[in-house]
Amino acid sequence: MTTLSFNNYDFTLENKGPFSSLYFNKELKMAICFADEEYIPIDNFKEMFLHISVLIETYEIKHLVFDKQKLRTFHQPSMEWYFAVWKPAIKNKGLVNHYKILPKLDWFEKAVEAGKYEIFQKFSKEILTGIRITYINSVEEAIECVI
Amino acid sequence: MDASYFKEQLQAKEDMLAQTTRFLVQTQHSLEEKNKELLLANNEIFDSISFASRIQNSLLPDIDILKIFFKDASFKVMQQIGIGGDTVFIKNTNNGVVFGLLDSTGHGIPAALLSISGTLLLKELMTSMEIDNPQTLFNLLNYQLHKTFNNSRSSIAHKEGVFFSFSSTQNKLIYSSAKGKALLLRPTGEIEELANTKKSLGDDANTEFELFEMKVMSGDKLIMYSDGLTDQFGGSNNKKFSRDRLKKILSKSPRENATEMVKKIEKEFIIWKSTNAQTDDVSFMIIEF
């Protein structure tokens with residue numbers, strides 16, 4: 001499938017990797033990344049985010065949705081790379097919102113909290129600022145926030 | 001997906017588990033520390049309130065003064081947290097005794113401060129100015145409370161209550177009441193509610209409290225109480241104790257002496273409250289003529 005539809009907005013497939021897929025909608029200036037497997041190895045994770053970077057610069061993407069509902073493994077090194085490398089690199093490129101959809105699992109949420117806590121201890125507080133991160137329940141909710 | 005993917009995922013899962021466990025242990029440790037701090041703070045507050053309670057209780061008057069003039073007298077003060085805004089007042093005068101019950105705004109520490117300041121002010125008015133007329137005392141206390149605590153910027157101190165003055169030479173009982181709750185129980189079990197001025201002390205500097213005169217006979221009992229008694233929630237349907245319930249208790253054995261009656265009301269109140277929290281300061285006083 002090369003397009004997906006949410007709230008009557010069509011999202012075009014930009015990249016399909018072995019563990020994730022990336023869609024976007026030009027009108028909404030929104031990209032959606034889906035985790036398609038329980039675990040995304042760090043190299044594939046980085047590759048996916050580099051695709052997102054290109055998308056942000058090419059289509060002036062302002063809103064990114066990361067649907068992690070299929071994930072069952074929280075990978076700390078990937079998260080550290082996201083905060084310490086990717087986020088600073090994308091700063092001032094126009095991305096405003098990063099919406100995250102977590103699996104509806106208490107233990108996963110706790111693992112995310114633990115990961116964030118370690119990042120917070122390891123890096124300066126500045127690392128958590130910049131792009132606005134919001135936890136939501138569905139892609140539709142993100143679109144509602146944007147339109 | 002090949003075996004290396006699952007191997008890597010397994011390792012990542014183990015790392016995640018270890019990290020989350022570390023975080024939870026740290027959180028638990030931090031909560032235990034906070035709990036210790038809270039416990040310490042709680043103990044300090046509890047000790048402080050216990051001592052303050054002893055101070056406030058030591059300011060309560062000697063009931064024996066009333067027993068000089070009347071057949072029997074007894075009171076009970078049960079502050080919500082050990083200290084509070086309810087107080088009873090008894091002071092002998094040149095030819096009799098002044099007594100009453102006052103209920104200050106709210107409860108807890110602020111109410112206790114208001115209660116103590118009110119009592120001291122009344123004592124001052126009675127000793128230095130030799131005032132024993134309840135109407136004059138209430139008018140002056142009202143003015144002073146309003147002037148000191150309640151102005152255009154804030155309104156923090158109000159009192160309700162009833163004050164009696166008994167003259168042994170004239171055998172006359174007069175009183176003033178600021179929304180005060182008082183009943184007269186006849187030996188037959190009949191109960192009369194005493195009239196009051198429908199204004200609180202401290203509300204309006206210009207309030208003129210009325211002076212009432214009472215005719216009492218031997219065996220009559222005068223009951224004063226604060227709304228904390230009748231407003232307490234409890235019973236099987238979690239309702240208010242109510243004035244009707246109080247009247248029923250009183251009229252059941254009207255010839256019982258004041259001391260026994262106070263004990264009985266206290267017992268009924270405790271049973272009614274049961275495991276519910278005490279909602280307000282509670283006080284009551286009974287005089288037997």
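Trainee: Where in chain B is confidence lowest, and where is it highest?

Mentor: This is a predicted model, in which local features need pLDDT of at least 70, side-chain atom pairs count only at pLDDT 80 or more, and totals for chains, interfaces and linings use all residues. Residues are numbered from 1 along each chain as its sequence is written, with chains lettered from A and ligands numbered from 1 in the order in which they are written. pLDDT is the predictor's confidence in each residue, from 0 to 100. In chain B, confidence is lowest in helix α3 (residues 108-128), at a mean of 90, and highest in strand β1 (residues 72-78), at 98.

Trainee: Which helix of chain A gives the largest share of the side that touches chain B?

Mentor: Contact here asks for C-beta atoms, placed from the backbone, within 7 Å. On that basis 14 residues of chain A meet 10 residues of chain B. Helices are DSSP runs (H or I, at least four residues) and strands are too (E, at least two), numbered from the N terminus. Seven residues, the largest share of chain A's side, come from helix α3 (residues 106-122) of chain A.

Trainee: Why do the buried residues of α7(B) line one face of the helix?

Mentor: Buried means 20 or more other C-beta atoms within 10 Å of a residue's own, exposed means 12 or fewer, and partly exposed is in between, with C-beta atoms placed from the backbone. In α7(B) the buried ones are Ala258(B), Met261(B), Val262(B), Ile265(B) and Phe269(B). The arc is that of the directions from the helix axis to the C-beta atoms. They line one face because, seen down the axis of α7(B), they fall within an arc of 100°.

Trainee: Which exposed residues sit on the face of α7(B) turned away from its buried side?

Mentor: The buried residues of α7(B) pack against β1, β9 (221-225), α5 (227-230), α6 (243-252) and β12 (282-288) of chain B. The face turned away from that buried side carries Lys267(B) and Ile271(B).

Trainee: And which residues of helix α4 (residues 139-146) of chain A are buried?

Mentor: Start with the face turned away from the buried side, which carries the exposed Glu140(A) and Glu144(A). The buried residues of α4(A) pack against strands of chain A, including β1 (3-6) and β7 (132-136). Those buried residues are Val139(A), Ala142(A) and Ile143(A).

Conventions
Two residues are in contact if their C-beta atoms, placed from the backbone, lie within 7 Å.
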